[in-house]
Amino acid sequence: MRISSRGRGEEGRERITLVPENVDDLWHLSYVLEPGDLVSGDTTRRIQRDDEQMRDTGGEREHLNVTIEVDDVEFARFANRLRVGGVIVSCSREDQLGHHHTLNVEERAEITIEKQFKADQIDRIETAEQAAENPDVAIATVEEGAAYIHTVAQYGTEEYASLTKPTGKGEYARPRSELFDELGSALSHLEVDAIILAGPGFTKNDAMDYFENDFPEVAETIVTTVDTAGVGDRGVHEVLKRGAVDDVQKQTRIAEEANLIDELMENISTGAKAAYGVEQVAEAADFGAVEHLLLLDSRLRAERQGDGDWDVDVNDIIDSVEQKGGEVTVFSAEFQPGEQLKNLGGIAAVLRYRLQ
């Protein structure tokens with residue numbers, strides 16, 4: 001994310017002009033924008049013409065600069081696009097005022113947001129700005145007979161490839177080199193700055209030796225190897241927990257989420273300092289017992305937009321935690337720790353002390 005300018009708008013609102021530079025940034029913005037916000041940007045719109053000189057042809061598209069009052073936001077990850085819909089409140093053509101329009105926000109398209117930003121929303125934008133300097137990372141996990149590749153994004157990790165080649169003994173066993181060759185070929189097609197190679201035992205080391213001979217460009221991109229007990233999602237979680245991605249990237253929210261959810265689950269299992277569910281967490285916040293608040297981004301958005309069912313205002317919980325020296329981390333629903341948090345009601349807390 002690139003922030004072009006910051007200033008004050010009307011009625012106490014803050015105005016930020018920014019440029020999303022990748023799909024991660026579009027995802028971040030989908031959790032910043034809310035109904036009632038003002039968003040401005042360049043767009044095209046079909047203009048109906050029906051006068052004496054020109055027969056109506058169904059409309060021609062014109063380039064316009066519009067400001068809309070947001071009523072809905074949709075993140076289309078696979079289209080690399082953020083759809084922001086609302087009513088036009090300002091436009092380079094006055095005859096379009098009051099009409100509904102959808103801004104298709106894409107990578108490298110400058111937009112201006114005017115709203116009363118909440119602290120976590122500003123933090124999200126600034127985190128995305130800092131993350132622009134991060135290298136692109138992939139995690140390859142390999143064991144006998146199977147290998148996986150995951151790409152690392154700010155909203156989580158995503159499986160890029162899953163490879164299976166039975167090795168060892170037996171009628172259907174294949175040489176290990178076949179698995180290594182497929183893995184090396186898949187990694188060579190990735191446009192990343194760094195690869196972390198992980199897995200149990202010595203298989204990953206043998207894979208590394210194979211890459212050095214047959215895929216030297218892949219071997220040069222591998223920055224470290226990590227011992228893990230498993231592969232696939234389990235192996236990726238171990239890599240994140242051990243801080244291997246942190247060593248490559250300056251900012252990595254998903255590694256923090258993995259560590260926090262592990263700490264929370266351990267506290268829950270031992271009956272120690274933990275709370276989950278909105279009622280427990282709200283009570284802990286009132287007592288000043290929350291050391292770290294964990295919130296699911298999709299649940300936070302639903303509650304703020306009036307689509308949730310909590311009896312407590314989530315903003316009051318956040319304010320209470322921050323005022324009493326606690327920290328707040330908003331989890332991505334796209335990543336495994338977010339799934340675990342969802343099963344706990346979308347809100348939980350690591351406590352300073354037990355309440356009971």
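Predicted model: local features only at pLDDT ≥ 70, side-chain atom pairs only at ≥ 80, totals over all residues.
Which helix lies across S14 and S15?

Let's start with the strands. Four of them, in the order S13-S16-S14-S15, make up an open sheet with mixed pairing. At its edges sit strand S13 (274-276) and strand S15 (327-331), and each of these pairs on one side only. Going from one strand to the next, the twist averages 15°. In general, strands of a sheet are held in pairs by backbone hydrogen bonds, either parallel or antiparallel. Here, strand S14 (residues 290-296) and S15 go together in the parallel sense, over 5 bridges. If you want a spot to look for, find Leu-296, which stands opposite Phe-331 in S15.

Now back to the opening question. The answer is helix H10 (residues 297-304), lying across S14 and S15 and running at about 80° to S14. Another helix, H11 (residues 314-323), packs on the sheet too, where H11 touches S14, S15 and strand S16 (347-351). The direction of H11 makes about 150° with that of S14.

H11 also has a helix partner to look at. The axes of helix H9 (residues 278-286) and H11 come within 9 Å and cross at roughly 35°, and the crossing is left-handed. From the H9 side, Val-278, Val-281, Ala-282, Ala-285 and Asp-286 take part, meeting Ile-317, Ser-320 and Val-321 in H11.

Technical notes
Residues numbered from 1 in each chain as written. Heavy atoms only, no water. Pairing = 2+ DSSP bridges. Helix = DSSP H or I, 4+ residues; strand = E, 2+ residues; numbered from the N terminus. Axes fitted to C-alpha atoms, helices over the stretch in contact; angles between N-to-C directions. Contact = heavy atoms within 4.5 Å. Left-handed = near helix turned anticlockwise from the far one by under 90°.
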